[in-house]
Amino acid sequence: MKLLVVNGPNLNLLGVREPGIYGDQSYAALVKLIEDTCAAEGVEVDVFQSNHEGALVDRIQQAMGDADGIVINPAAYTHTSVAILDALKAVRIPAVEVHISDVSKREDFRQISYARLACVKTIMGQGLDGYRQAILFLKSYIENMDK
């Protein structure tokens, strides 16, 4: 099984950007958590981050025929990007949306998630551990699809 983990804008600044909201762990720590979780579960993983919407869309499209599932944190594009929604719908790969913070308790504009419309689950407010939860959920979801 192979998963693609897609991270949107400013996640590369984890540990520096608003640590009161996003914590003090770095993006490198997040990537290590993802890789360690996948290794422990026998899952191959590709982690991708970009600050550019088109690059995120391109990477989602490239997953078609390559990845069995997608974990995605579109970050700010969550609330604005129909293009990311359309890419997720087009590839028809099971996806889980992740947010480090609990966006349901934040600004009004953060209450809209376009990506969520193409995802089988959303995990938010669990810090970096939300990624581990998403990987475990998605692995189980995909395995049960095959039955």
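These notebook entries record what I looked up in a predicted model.

**Basis.** I number residues from 1 along each chain as its sequence is written, and side-chain values use heavy atoms, without hydrogens and water. In this predicted model, local features need pLDDT of at least 70 and side-chain atom pairs count only at pLDDT 80 or more, while totals for chains, interfaces and linings use all residues.

**Sheet.** I took helices (H or I, at least four residues) and strands (E, at least two) as DSSP runs, numbered from the N terminus. Two strands pair if DSSP finds at least two bridges between them. I found an open sheet of five strands in the order β2-β1-β3-β4-β5, with parallel pairing. Its edge strands, β2 (44-49) and β5 (121-124), each pair on one side only.

**Strands β3 and β4.** I looked up the link between β3 (residues 69-73) and β4 (residues 95-99): three bridges join these parallel strands. Isoleucine 72 stands opposite glutamate 97 in β4.

**Helix α5.** I noted that α5 (residues 129-145) has 17 residues and spans 24 Å from first C-alpha to last, close to the expected 24 Å; the expected span is 1.5 Å times one less than the number of residues. I listed its buried residues (under 20% relative accessible area, 1.4 Å probe, protein chains only): Gly130, Tyr131, Ala134, Ile135, Leu138, Lys139 and Ile142. They fall within an arc of 170 degrees seen down the axis, so they line one face of α5; the arc is that of the directions from the helix axis to the C-beta atoms. What covers these residues includes β1, α2, β3, β4 and β5, where contact means heavy atoms within 4.5 Å.

How values were computed
Buried < 20%, exposed > 50% of the residue type's maximum accessible area, 1.4 Å probe, protein only.
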